[in-house]
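Open the model in your viewer and keep the selection tool at hand. The tour moves from charged pairs to a helix, then to the loop after it and the packing inside.

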Amino acid sequence: LTGAPALQPLVMDVYQPSGDTEQARPLVLYLHTGSFLPLLINGTATGDRHDSATVEMCKQFARRGYVSASVDYRLGWNPVGNTQDIRTGTLLMAVYRAIQDAKTCVRYFKMEAKTMGNTYKIDTNKIMIVGQGSGGYVALAYATLDKAAEIQLLKFIAAETDLTYGFVAGQPYVNQALWGGFDGLGGLPTFNKDNWPQYGNDVSLAVNMGGAIGDSSWLEDGDIPIVCFHVTNDPFAPYSNGNVIVPTTGQFVVYVSGSREVVRLSNQFGNNDVFNIPYTDPYTTRANQINEGFEGLFPFILPDP
(Lines give C-alpha, C1' and ligand atoms only; values in the text may rest on other atoms or scores of the structure.)
Protein backbone atom coordinates (compact mmCIF):
# COMPACT_ATOMS: atom_id res chain seq x y z
CA LEU A 1 0.00 0.00 0.00
CA THR A 2 2.90 2.37 0.66
CA GLY A 3 4.78 1.39 -2.48
CA ALA A 4 7.87 0.49 -0.43
CA PRO A 5 8.75 -3.00 0.82
CA ALA A 6 9.01 -3.47 4.56
CA LEU A 7 9.41 -6.47 6.82
CA GLN A 8 6.29 -7.38 8.77
CA PRO A 9 5.49 -10.01 11.39
CA LEU A 10 3.42 -12.93 10.15
CA VAL A 11 1.25 -14.73 12.68
CA MET A 12 -1.23 -17.59 12.78
CA ASP A 13 -4.17 -18.95 14.74
CA VAL A 14 -3.73 -22.58 15.78
CA TYR A 15 -6.71 -24.88 16.35
CA GLN A 16 -6.20 -28.13 18.25
CA PRO A 17 -8.40 -31.09 19.12
CA SER A 18 -9.59 -31.05 22.71
CA GLY A 19 -9.97 -33.99 24.99
CA ASP A 20 -7.67 -36.47 23.27
CA THR A 21 -4.22 -37.72 24.16
CA GLU A 22 -2.63 -37.99 20.72
CA GLN A 23 0.99 -36.86 20.65
CA ALA A 24 1.54 -36.80 16.87
CA ARG A 25 -1.38 -35.39 14.92
CA PRO A 26 -1.40 -34.46 11.22
CA LEU A 27 -1.06 -30.71 10.59
CA VAL A 28 -3.13 -28.63 8.19
CA LEU A 29 -1.81 -25.22 7.11
CA TYR A 30 -4.86 -23.30 5.91
CA LEU A 31 -4.44 -20.36 3.50
CA HIS A 32 -7.36 -17.94 3.34
CA THR A 33 -8.88 -16.33 0.27
CA GLY A 34 -9.08 -12.59 -0.51
CA SER A 35 -7.53 -11.90 -3.94
CA PHE A 36 -4.14 -11.10 -2.38
CA LEU A 37 -5.55 -7.79 -1.17
CA PRO A 38 -6.49 -6.65 2.33
CA LEU A 39 -9.98 -7.07 3.71
CA LEU A 40 -12.50 -4.60 2.19
CA ILE A 41 -9.89 -3.11 -0.13
CA ASN A 42 -10.48 -6.24 -2.21
CA GLY A 43 -14.18 -5.40 -2.39
CA THR A 44 -15.27 -8.30 -0.17
CA ALA A 45 -15.61 -9.22 3.48
CA THR A 46 -12.83 -11.82 3.15
CA GLY A 47 -9.08 -11.43 3.11
CA ASP A 48 -7.43 -12.53 6.34
CA ARG A 49 -6.99 -15.49 8.64
CA HIS A 50 -10.12 -14.55 10.65
CA ASP A 51 -12.59 -15.02 7.77
CA SER A 52 -15.63 -16.89 9.04
CA ALA A 53 -15.30 -19.69 6.46
CA THR A 54 -11.60 -20.06 7.28
CA VAL A 55 -12.28 -20.24 11.01
CA GLU A 56 -15.02 -22.81 10.53
CA MET A 57 -12.87 -24.99 8.27
CA CYS A 58 -10.05 -24.94 10.81
CA LYS A 59 -12.49 -25.89 13.57
CA GLN A 60 -13.82 -28.74 11.47
CA PHE A 61 -10.30 -30.08 10.89
CA ALA A 62 -9.56 -29.88 14.63
CA ARG A 63 -12.78 -31.74 15.45
CA ARG A 64 -11.57 -34.54 13.19
CA GLY A 65 -8.24 -34.91 14.95
CA TYR A 66 -6.01 -32.56 12.98
CA VAL A 67 -4.05 -29.58 14.21
CA SER A 68 -4.95 -26.71 11.89
CA ALA A 69 -3.28 -23.34 11.53
CA SER A 70 -4.83 -20.38 9.79
CA VAL A 71 -1.76 -18.49 8.64
CA ASP A 72 -0.91 -14.98 7.50
CA TYR A 73 0.88 -14.43 4.23
CA ARG A 74 1.99 -11.22 2.56
CA LEU A 75 -0.61 -9.47 0.41
CA GLY A 76 -0.47 -7.00 -2.43
CA TRP A 77 -0.91 -6.85 -6.19
CA ASN A 78 -2.32 -4.35 -8.65
CA PRO A 79 -5.29 -5.77 -10.58
CA VAL A 80 -6.14 -2.38 -12.07
CA GLY A 81 -2.68 -1.64 -13.46
CA ASN A 82 -2.77 0.02 -16.88
CA THR A 83 -0.44 -2.57 -18.43
CA GLN A 84 -0.50 -6.33 -18.55
CA ASP A 85 3.01 -6.32 -17.08
CA ILE A 86 1.66 -4.73 -13.92
CA ARG A 87 -1.35 -7.04 -13.63
CA THR A 88 0.49 -10.27 -14.45
CA GLY A 89 3.77 -9.45 -12.74
CA THR A 90 2.30 -8.28 -9.46
CA LEU A 91 -0.02 -11.29 -9.27
CA LEU A 92 2.87 -13.69 -9.84
CA MET A 93 4.86 -11.85 -7.19
CA ALA A 94 1.95 -12.12 -4.75
CA VAL A 95 1.79 -15.89 -5.22
CA TYR A 96 5.57 -16.15 -4.95
CA ARG A 97 5.75 -14.24 -1.65
CA ALA A 98 2.89 -16.31 -0.24
CA ILE A 99 4.71 -19.55 -1.10
CA GLN A 100 7.75 -18.27 0.75
CA ASP A 101 5.64 -17.42 3.78
CA ALA A 102 3.87 -20.79 3.80
CA LYS A 103 7.20 -22.62 3.60
CA THR A 104 8.55 -20.51 6.44
CA CYS A 105 5.53 -21.51 8.52
CA VAL A 106 6.17 -25.20 7.81
CA ARG A 107 9.77 -24.78 8.94
CA TYR A 108 8.57 -23.05 12.10
CA PHE A 109 6.41 -26.02 13.05
CA LYS A 110 9.26 -28.44 12.36
CA MET A 111 11.64 -26.32 14.43
CA GLU A 112 9.12 -26.02 17.27
CA ALA A 113 8.48 -29.75 17.30
CA LYS A 114 12.18 -30.54 17.52
CA THR A 115 13.51 -27.86 19.85
CA MET A 116 10.58 -26.41 21.84
CA GLY A 117 8.75 -29.48 23.10
CA ASN A 118 6.29 -29.98 20.21
CA THR A 119 3.67 -27.79 21.88
CA TYR A 120 1.09 -28.52 19.19
CA LYS A 121 1.64 -32.32 19.24
CA ILE A 122 2.12 -32.66 15.48
CA ASP A 123 3.61 -35.35 13.27
CA THR A 124 6.10 -33.43 11.14
CA ASN A 125 5.90 -36.14 8.48
CA LYS A 126 2.18 -35.51 7.99
CA ILE A 127 1.74 -31.88 6.95
CA MET A 128 -0.69 -30.69 4.28
CA ILE A 129 -1.26 -27.31 2.63
CA VAL A 130 -4.91 -26.34 2.09
CA GLY A 131 -5.81 -23.19 0.18
CA GLN A 132 -9.16 -21.50 -0.40
CA GLY A 133 -9.68 -19.17 -3.37
CA SER A 134 -6.49 -17.15 -3.81
CA GLY A 135 -5.01 -19.44 -1.15
CA GLY A 136 -5.66 -22.23 -3.65
CA TYR A 137 -3.19 -20.62 -6.05
CA VAL A 138 -0.62 -20.70 -3.27
CA ALA A 139 -1.27 -24.32 -2.28
CA LEU A 140 -0.92 -25.48 -5.90
CA ALA A 141 2.21 -23.42 -6.46
CA TYR A 142 3.68 -24.75 -3.21
CA ALA A 143 3.27 -28.26 -4.61
CA THR A 144 4.61 -27.59 -8.11
CA LEU A 145 6.76 -24.46 -8.42
CA ASP A 146 10.36 -25.37 -7.66
CA LYS A 147 12.60 -24.50 -10.63
CA ALA A 148 13.89 -21.13 -11.82
CA ALA A 149 12.99 -22.06 -15.40
CA GLU A 150 9.33 -22.24 -14.37
CA ILE A 151 9.22 -18.51 -13.59
CA GLN A 152 11.25 -17.71 -16.71
CA LEU A 153 8.58 -18.80 -19.18
CA LEU A 154 7.82 -16.20 -21.84
CA LYS A 155 4.53 -15.19 -20.22
CA PHE A 156 6.41 -14.38 -17.00
CA ILE A 157 8.96 -12.08 -18.69
CA ALA A 158 8.47 -8.31 -18.47
CA ALA A 159 7.76 -6.58 -21.78
CA GLU A 160 8.71 -3.14 -20.45
CA THR A 161 10.84 -1.71 -17.68
CA ASP A 162 8.79 -0.43 -14.74
CA LEU A 163 10.99 0.39 -11.78
CA THR A 164 7.97 1.13 -9.60
CA TYR A 165 7.45 -2.63 -9.48
CA GLY A 166 11.05 -3.66 -10.09
CA PHE A 167 10.33 -5.04 -13.56
CA VAL A 168 13.08 -4.94 -16.19
CA ALA A 169 12.29 -5.50 -19.85
CA GLY A 170 13.37 -8.96 -20.96
CA GLN A 171 13.82 -10.21 -17.38
CA PRO A 172 11.49 -12.39 -15.25
CA TYR A 173 8.97 -10.57 -13.10
CA VAL A 174 10.34 -12.46 -10.09
CA ASN A 175 13.91 -11.41 -9.36
CA GLN A 176 15.15 -14.11 -7.00
CA ALA A 177 18.36 -12.19 -6.31
CA LEU A 178 16.16 -9.56 -4.63
CA TRP A 179 13.29 -11.60 -3.19
CA GLY A 180 15.04 -14.86 -2.37
CA GLY A 181 14.38 -18.40 -3.52
CA PHE A 182 11.26 -20.51 -3.51
CA ASP A 183 11.88 -21.56 0.09
CA GLY A 184 11.89 -17.98 1.35
CA LEU A 185 15.64 -17.95 1.89
CA GLY A 186 18.17 -15.49 0.47
CA GLY A 187 17.55 -12.25 -1.36
CA LEU A 188 18.04 -8.79 0.09
CA PRO A 189 17.49 -8.44 3.85
CA THR A 190 15.08 -5.54 3.24
CA PHE A 191 12.89 -7.78 1.06
CA ASN A 192 13.15 -11.13 2.79
CA LYS A 193 14.25 -12.57 6.12
CA ASP A 194 15.66 -16.07 6.51
CA ASN A 195 13.79 -17.98 9.21
CA TRP A 196 14.83 -21.43 10.45
CA PRO A 197 16.86 -22.25 7.32
CA GLN A 198 18.22 -25.45 8.87
CA TYR A 199 14.78 -27.09 8.74
CA GLY A 200 12.99 -28.52 5.72
CA ASN A 201 9.62 -27.43 4.34
CA ASP A 202 8.46 -30.59 2.57
CA VAL A 203 4.77 -31.45 2.89
CA SER A 204 2.82 -34.59 2.04
CA LEU A 205 -0.31 -33.25 0.36
CA ALA A 206 -1.73 -30.12 -1.26
CA VAL A 207 -5.45 -29.33 -1.37
CA ASN A 208 -7.04 -26.43 -3.20
CA MET A 209 -10.56 -25.05 -3.21
CA GLY A 210 -10.48 -22.91 -6.33
CA GLY A 211 -7.38 -21.26 -7.68
CA ALA A 212 -5.05 -22.55 -10.41
CA ILE A 213 -1.40 -23.05 -11.33
CA GLY A 214 0.42 -20.44 -13.36
CA ASP A 215 1.39 -22.96 -16.03
CA SER A 216 0.70 -26.66 -16.55
CA SER A 217 4.42 -27.27 -17.08
CA TRP A 218 4.95 -26.59 -13.37
CA LEU A 219 3.38 -29.96 -12.55
CA GLU A 220 5.79 -32.86 -13.02
CA ASP A 221 6.28 -36.54 -12.29
CA GLY A 222 7.18 -36.93 -8.61
CA ASP A 223 5.27 -33.91 -7.27
CA ILE A 224 3.23 -34.49 -4.12
CA PRO A 225 -0.39 -35.71 -4.38
CA ILE A 226 -2.98 -33.01 -4.99
CA VAL A 227 -6.70 -32.96 -4.19
CA CYS A 228 -8.81 -30.31 -5.92
CA PHE A 229 -12.25 -28.93 -5.16
CA HIS A 230 -13.57 -26.52 -7.79
CA VAL A 231 -16.81 -24.95 -8.97
CA THR A 232 -16.94 -25.76 -12.68
CA ASN A 233 -18.21 -22.29 -13.64
CA ASP A 234 -15.95 -20.40 -11.23
CA PRO A 235 -15.71 -16.84 -12.61
CA PHE A 236 -12.37 -16.12 -10.94
CA ALA A 237 -10.25 -19.19 -11.76
CA PRO A 238 -10.90 -21.60 -14.65
CA TYR A 239 -11.95 -25.16 -13.88
CA SER A 240 -9.71 -26.43 -16.69
CA ASN A 241 -7.46 -24.18 -18.79
CA GLY A 242 -8.31 -20.53 -19.29
CA ASN A 243 -7.70 -16.89 -18.59
CA VAL A 244 -7.65 -15.06 -15.28
CA ILE A 245 -9.63 -11.87 -15.76
CA VAL A 246 -9.91 -8.90 -13.40
CA PRO A 247 -13.57 -9.10 -12.28
CA THR A 248 -14.12 -5.35 -12.05
CA THR A 249 -12.53 -4.36 -15.36
CA GLY A 250 -12.58 -7.49 -17.53
CA GLN A 251 -8.87 -7.04 -18.29
CA PHE A 252 -6.67 -10.04 -19.03
CA VAL A 253 -4.11 -11.11 -16.41
CA VAL A 254 -2.64 -14.51 -17.29
CA TYR A 255 -3.48 -17.88 -18.85
CA VAL A 256 -3.53 -20.63 -16.21
CA SER A 257 -4.49 -24.25 -15.59
CA GLY A 258 -7.27 -25.03 -13.12
CA SER A 259 -8.21 -28.01 -11.03
CA ARG A 260 -9.34 -30.37 -13.78
CA GLU A 261 -6.03 -30.02 -15.61
CA VAL A 262 -4.05 -30.20 -12.38
CA VAL A 263 -5.63 -33.49 -11.33
CA ARG A 264 -5.55 -34.90 -14.86
CA LEU A 265 -1.79 -34.38 -14.95
CA SER A 266 -1.33 -35.60 -11.37
CA ASN A 267 -3.07 -38.84 -12.37
CA GLN A 268 -1.15 -39.08 -15.65
CA PHE A 269 2.18 -38.83 -13.83
CA GLY A 270 1.09 -41.27 -11.12
CA ASN A 271 1.43 -38.65 -8.38
CA ASN A 272 -2.10 -39.43 -7.14
CA ASP A 273 -1.73 -43.21 -7.22
CA VAL A 274 -1.72 -43.11 -3.41
CA PHE A 275 -5.49 -42.53 -3.63
CA ASN A 276 -6.16 -45.80 -5.47
CA ILE A 277 -8.03 -47.30 -2.52
CA PRO A 278 -11.66 -48.46 -2.78
CA TYR A 279 -13.21 -45.74 -0.63
CA THR A 280 -16.98 -46.13 -0.25
CA ASP A 281 -17.87 -43.01 1.72
CA PRO A 282 -20.62 -40.83 0.18
CA TYR A 283 -18.27 -37.94 -0.64
CA THR A 284 -15.88 -40.08 -2.68
CA THR A 285 -18.81 -41.86 -4.30
CA ARG A 286 -20.31 -38.55 -5.41
CA ALA A 287 -16.94 -37.23 -6.62
CA ASN A 288 -16.39 -40.32 -8.73
CA GLN A 289 -19.77 -39.87 -10.38
CA ILE A 290 -18.82 -36.46 -11.78
CA ASN A 291 -15.01 -36.20 -11.98
CA GLU A 292 -14.48 -38.06 -15.29
CA GLY A 293 -12.41 -40.68 -13.50
CA PHE A 294 -9.75 -38.20 -12.31
CA GLU A 295 -8.84 -39.44 -8.83
CA GLY A 296 -8.55 -36.54 -6.39
CA LEU A 297 -10.98 -34.17 -8.16
CA PHE A 298 -14.32 -33.04 -6.73
CA PRO A 299 -16.12 -30.62 -9.09
CA PHE A 300 -19.06 -28.62 -7.79
CA ILE A 301 -21.63 -28.26 -10.54
CA LEU A 302 -23.74 -25.16 -9.99
CA PRO A 303 -26.12 -23.24 -12.25
CA ASP A 304 -24.73 -20.24 -14.07
CA PRO A 305 -25.25 -16.99 -12.14
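A salt bridge here is a side-chain nitrogen of Lys or Arg within 4 Å of a carboxyl oxygen of Asp or Glu. Keep in mind that this is a predicted model.

**Stop 1: salt bridges**

Select Glu261 and Arg264. Their side chains meet in a salt bridge, 2.9 Å from N to O. That falls within the 4 Å cut-off. The two residues sit 3 apart in helix H5, so about one helical turn separates them. Glu261 is buried at 9% relative accessibility. Arg264 is partly exposed at 27%.

How many salt bridges does a search of the whole structure find? It finds 11. Side chains of opposite charge can pair when their charged atoms come close.

Next, pick Arg25 and Asp20. This salt bridge spans 2.4 Å, N to O. Arg25 counts as buried, with 6% relative accessibility. Asp20 counts as partly exposed, with 31%.

Now select Lys147 and Glu220. Their closest N and O atoms are 2.7 Å apart, and the two form a salt bridge. This pair links distant parts of the chain, 73 residues apart. Lys147 lies in the loop between H3 and helix H4 (176-179). Glu220 lies in the loop between strand S5 (205-209) and S6. Lys147 is partly exposed at 38% relative accessibility. Glu220 is also partly exposed, at 25%.

Finish this stop with Asp13, Arg49 and Asp72. A network of salt bridges links them.

**Stop 2: helix H2**

Select residues 84-115. This is helix H2, with 32 residues. From first C-alpha to last, H2 reaches 46 Å, close to the 46 Å expected at 1.5 Å a residue. Is H2 mostly covered or mostly open? Mostly covered: 29 of its 32 residues are buried.

**Stop 3**

Step just past the helix to Gly117. Its phi is positive, about 90 degrees. Most residues other than glycine have a negative phi. With that in mind, select Asn118. Its phi is near 50 degrees, a positive value in a non-glycine residue. Asn118 sits in the loop between H2 and strand S4 (122-132). Its relative accessible area is 14%, so Asn118 is buried.

Move on to Lys121, in the loop between H2 and S4. Lys121 is not a glycine either, yet its phi is positive at about 55 degrees. With a relative accessible area of 26%, Lys121 is partly exposed.

**Stop 4: the nonpolar cores**

Which residues of the largest nonpolar core touch the most other members? Select Leu29, Phe36, Phe109, Ile129 and Ile226; the core has 67 residues. Elements giving two or more residues to this core include strand S2 (25-31), strand S3 (67-71), helix H3 (134-144) and strand S6 (226-231). Strand S8 (252-257) and helix H5 (259-269) are also among them. H2 gives the most, with 15 residues.

Centre on Phe36 and show its surroundings. Setting aside neighbours within four places in sequence, its contacts include Tyr73, Leu75, Gly76 and Trp77. Leu91, Ala94, Val95 and Ala98 are also among the contacts of Phe36.

How values were computed. Residues numbered from 1 in each chain as written. Predicted model: local features only at pLDDT ≥ 70, side-chain atom pairs only at ≥ 80, totals over all residues. Heavy atoms only, no water. Helix = DSSP H or I, 4+ residues; strand = E, 2+ residues; numbered from the N terminus. Expected span 1.5 Å × (residues − 1). Buried < 20%, exposed > 50% of the residue type's maximum accessible area, 1.4 Å probe, protein only. Core = buried A, V, L, I, M, F, W, Y, C linked by side-chain atoms within 4.5 Å. Contact = heavy atoms within 4.5 Å.
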